[in-house]
Structures are given as structure tokens and as C-alpha cells.
Amino acid sequence: MAEQSIDRREFLYGTAAVGALGLAGCASGGGDSDMSLRVGTSAGGTKEIGLAVEQVATNNSDSLEYATVESPGFIGTIRRMAQGQFNSGITDNNSLVKAANDRGSFSEQGVDSIPWYGFYGFPYNIYIVARDGTDIETFDDLAGKNVYPAEPGYSTRATSIDVWSQEPTADVYDQMNIVDLSVEDAPGAMEEGEIDACIAYGAPGAGYTGWVTQIASRIDVHYVEPTDALKESAAAYDGAGTSTIEYGNMPLADQDIGTNSLFTWDIQCNFMFNPTASDDAVYELCRIVDEHNSAVKDTAPQFVGFESTSDMHASAVGAFDIHPGAAQYYKDNDAWDDSLTEASRD
């Protein structure tokens with residue numbers, strides 16, 4: 001797969017979507033002051049983060065009305081926002097990149113609008129571990145091995161395969177035997193030797209997803225060292241971020257996996273907003289999560305820790321415009337970056 005880039009074609013926010021939100025009492029432009037945000041979230045950890053932000057918003061704002069609305073996954077959130085079912089949502093950069101380019105799940109059924117960026121919510125940091133006793137030491141050693149990149153349909157799987165299958169790692173990926181199993185069956189399969197290596201993912205302070213923890217509690221695993229080619233692929237792919245994390249900040253079931261540092265490719269999940277979300281409401285939510293960041297993290301440790309206001313847009317992909325309410329908040333707090341583009345309703 002060739003290196004991915006975002007199609008800069010203009011997305012028009014459909015009149016049907018604006019009408020739907022208008023009937024719901026949520027339509028507003030830059031000059032309006034409707035302070036209602038209905039935020040679509042996936043189930044599980046994403047919903048927990050949405051509810052944590054909702055609680056902090058309730059406790060720290062007299063004006064903002066924030067409601068968490070369950071939505072079917074990151075892709076479903078993009079589709080429902082495009083249909084005007086809610087004016088805000090949590091989704092990931094990789095799904096947004098694919099929606100903008102009519103790839104993946106959007107290749108046959110695209111969307112007419114892409115939401116505007118607000119702020120970074122949380123990451124999933126991904127790397128690879130292998131069973132002890134295999135001869136797998138580096139990413140190149142995965143050629144010819146049984147590799148489990150999570151269950152089909154998982155965003156962590158899609159992002160990992162997107163990274164691996166482009167140059168300069170495509171040759172290794174093409175030789176992998178990709179295992180298709182549910183996450184419930186994966187720990188047993190790895191214990192029985194049917195899987196040689198798998199992705200591991202979580203976030204510092206929040207731990208790992210359940211099935212990865214189960215694997216590490218059953219068998220000994222070790223870190224698969226990234227090659228320069230893997231680092232290049234991860235850095236080149238627009239739908240993923242990269243991080244270097246001290247293993248002590250993200251230990252796996254108290255195992256010594258043979259490294260002090262983890263190189264990860266990351267799903268970056270963002271709070272996104274339709275044009276119908278008022279500037280005032282988005283500005284106020286940015287203020288809340290910035291000034292009360294620790295309160296959100298107390299309830300949802302996976303939420304990003306903002307050491308400065310500029311950290312709030314660390315996951316912004318250049319081709320996605322910034323909602324004017326968020327842009328104004330960044331400008332007012334000396335956190336605007338000229339590489340960013342403020343969205344326009346004109």
C-alpha cells in the first residue's frame with residue numbers, strides 16, 4: 001500500500017444534516033450562543049471517557065449542556081455526525097483519514113461531511129509482543145509467522161495493518177500469516193502456540209485492554225524490537241501517531257519483556273464537532289477540559305494529560321480544519337499553531 005495522504009477536497013455540510021440538528025434544537029453558527037453539545041461515543045472505554053468529561057462539565061460550567069450519546073464505534077460516529085444525529089463526537093484519526101479519502105469502510109458508502117477538530121481525547125498505544133521460545137526478535141522476524149493484530153473490525157487491527165502494509169514494511173507484512181480470531185479466543189490460541197506474536201495496546205496510567213492482559217497472565221512474552229523500516233512506516237502514515245514510552249510507565253502484567261522503552265504507533269482519538277456546534281459551546285468545553293484536566297483523568301486515566309494548552313491539539317492532522325470555537329480558545333491562550341487551519345462556515 002502506498003503512503004497515505006489526506007484528500008484536500010472540500011466537504012460540504014449537507015442541508016439535511018443542518019435541518020436535523022435544527023429540529024433537535026442544536027443548530028447554531030458562529031454568532032449563535034446555543035450551549036448544547038450532544039457527544040456521540042462508542043461503548044466501553046470511549047463511553048467512560050465521554051461520561052467523565054460530561055461529569056466534569058456539569059460540575060464546572062453553569063452554561064454548557066453536555067449529553068453523552070452512545071454511538072456504534074468510531075466509524076459509526078462519523079456517519080451519524082454526517083447525518084446530523086448529534087453535533088459532537090469522539091472518533092479516531094485513522095477513521096477520519098479513511099472517510100476523507102473514501103477508503104476502507106467508506107469506499108462503497110462515503111459521507112458528505114467530515115467534522116471539525118476540537119481537541120485530543122486519548123490514545124491507544126500499540127506495539128508487538130511475541131511468545132517466549134520463538135525466534136522472533138525484531139519486526140522483520142514476523143515474516144512467515146502467525147501474527148494476531150486483534151479481532152477483525154477492531155480499530156487497533158486496522159491501524160496496525162495500515163501501517164505494516166505500506167512501504168517500506170510491505171514485504172514483511174505480505175509474508176505474515178494474519179490470524180483471524182475473536183479477542184475471547186486469542187489468549188488460548190497464543191497459549192497453545194497457534195499465535196506466535198500479537199499486538200499489545202493500552203495507555204500509560206490506564207493499563208492494557210483485557211485480552212492482552214489475559215495473554216500476559218498466562219504465558220511469558222517479550223518485546224518485538226521495531227526496525228527502522230517500521231518506524232518509517234508508522235511516521236509516514238497519516239492515520240497514526242507515534243510515541244516512545246518508558247516501559248515502567250506502561251508495564252504489562254508485571255512482566256520483564258526485555259526492554260526499557262516502547263516504540264508505539266498510536267490510534268489518536270479526538271473530540272470532533274460539526275459546524276452546527278456553536279463556537280461558544282466548543283470554547284467552553286475546551287476551557288473545562290484544559291482547566292480541569294486532572295479531574296477528568298481521575299475518573300478516566302486514559303484521557304490525555306495536558307501539560308500545556310498546546311498539548312490539546314497534539315493529534316491534529318493538518319488537513320482537518322479546527323472548529324472556530326476551539327481555534328479561538330487556542331488563540332486566547334497563546335496555544336495557536338500556524339500549521340493549523342481554522343474552519344470557516346462561509
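## Residue classes and basis

Ala, Val, Leu, Ile, Met, Phe, Trp, Tyr, Cys and Pro count here as nonpolar, Asp, Glu, Lys and Arg as charged, and the others, Gly among them, as polar. The model is predicted: local features need pLDDT of at least 70, side-chain atom pairs count only at pLDDT 80 or more, and totals for chains, interfaces and linings use all residues. Residues are numbered from 1 along each chain as its sequence is written, and side-chain values use heavy atoms, with hydrogens and water left out.

## Overall fold

The protein has twelve helices and eleven strands; helices (H or I, at least four residues) and strands (E, at least two) are DSSP runs numbered from the N terminus. Its radius of gyration is 20 Å, close to the 20 Å from the globule rule for 346 residues, so the protein is as compact as a globular protein of that length. The radius is taken over C-alpha atoms, and the globule rule is 2.2 Å times the number of residues to the power 0.38. The C-alpha trace spans about 65 × 40 × 35 Å along its principal axes.

Of the 346 residues, 55% are buried. Buried means under 20% relative accessible area, exposed over 50%, and partly exposed in between (1.4 Å probe, protein chains only). Among contacts (heavy atoms within 4.5 Å) with a separation of 6 or more, 77% join residues 24 or more positions apart.

## The largest pocket

Pockets and cavities are found on a 1 Å grid over the protein atoms alone: a cavity is a set of points where a 1.4 Å probe fits but cannot get out, and a pocket is an open set with protein on both sides within 12 Å along at least five of seven lines. Lining residues have an atom within 4 Å of a point. Grid points are joined across faces, edges and corners, and a volume is the space filled by probe spheres set on the points.

The largest pocket holds about 710 Å³ of space. Its lining has 31 residues, and Phe 74, Tyr 124, Tyr 154, Ser 155 and Thr 156 lie nearest the centre. By class, the lining divides into 17 polar, twelve nonpolar and two charged residues. At least two lining residues come from each of helix H2 (45-60), helix H3 (73-82), helix H4 (93-101), helix H5 (155-164), strand S7 (197-203) and strand S8 (207-208). H5 gives the most, with four residues.

## The largest cavity

The search of the whole structure finds one cavity of 30 Å³ or more. About 50 Å³ of space lies in the largest cavity, and S4 and strand S11 (261-273) are the elements that give two or more residues to its lining. The lining consists of Tyr 127, Ile 128, Phe 139, Tyr 223, Val 224, Glu 225, Pro 226, Leu 230, Phe 263 and Trp 265. Nine of these residues are nonpolar, none is polar and one is charged.

Leu 230, part of that lining, is also one of the buried residues of helix H9 (residues 228-236), with Ser 233, Ala 234 and Ala 236. The cover over the buried residues of H9 includes H5, strand S10 (241-246) and S11.

A nonpolar core is a set of buried Ala, Val, Leu, Ile, Met, Phe, Trp, Tyr and Cys residues joined through side-chain atoms within 4.5 Å. The largest has 102 residues, and Phe 119, Tyr 127, Trp 164, Trp 211 and Phe 271 have the most contacts inside it. Strand S4 (residues 116-131) gives the most to this core, with ten residues. Leaving aside neighbours within four places in sequence, Trp 211 is in contact with Tyr 148, Ala 150, Val 183, Ala 186, Pro 187, Cys 198, Ile 199 and Tyr 201.

Trp 116 lies in S4 and is buried, with a relative accessible area of 11%. With neighbours within four places again set aside, its contacts include Met 272, Phe 273, Pro 275, Asp 321, His 323, Pro 324 and Arg 345. The C-alpha atoms of Trp 116 and Asp 135 are 46 Å apart, at a sequence separation of 19 residues.

## Backbone details

A cis peptide bond, with omega about 10°, joins Glu 167 and Pro 168. Pro 168 lies in the loop between H5 and helix H6 (170-175).

Asp 254, in the loop between S10 and S11, is a non-glycine residue with a positive phi near 60°. At 78% relative accessibility, Asp 254 counts as exposed. Asp 334 also is not a glycine and has a positive phi, of about 55°. Asp 334 sits in the segment after helix H12 (324-332) and is exposed, with a relative accessible area of 76%.
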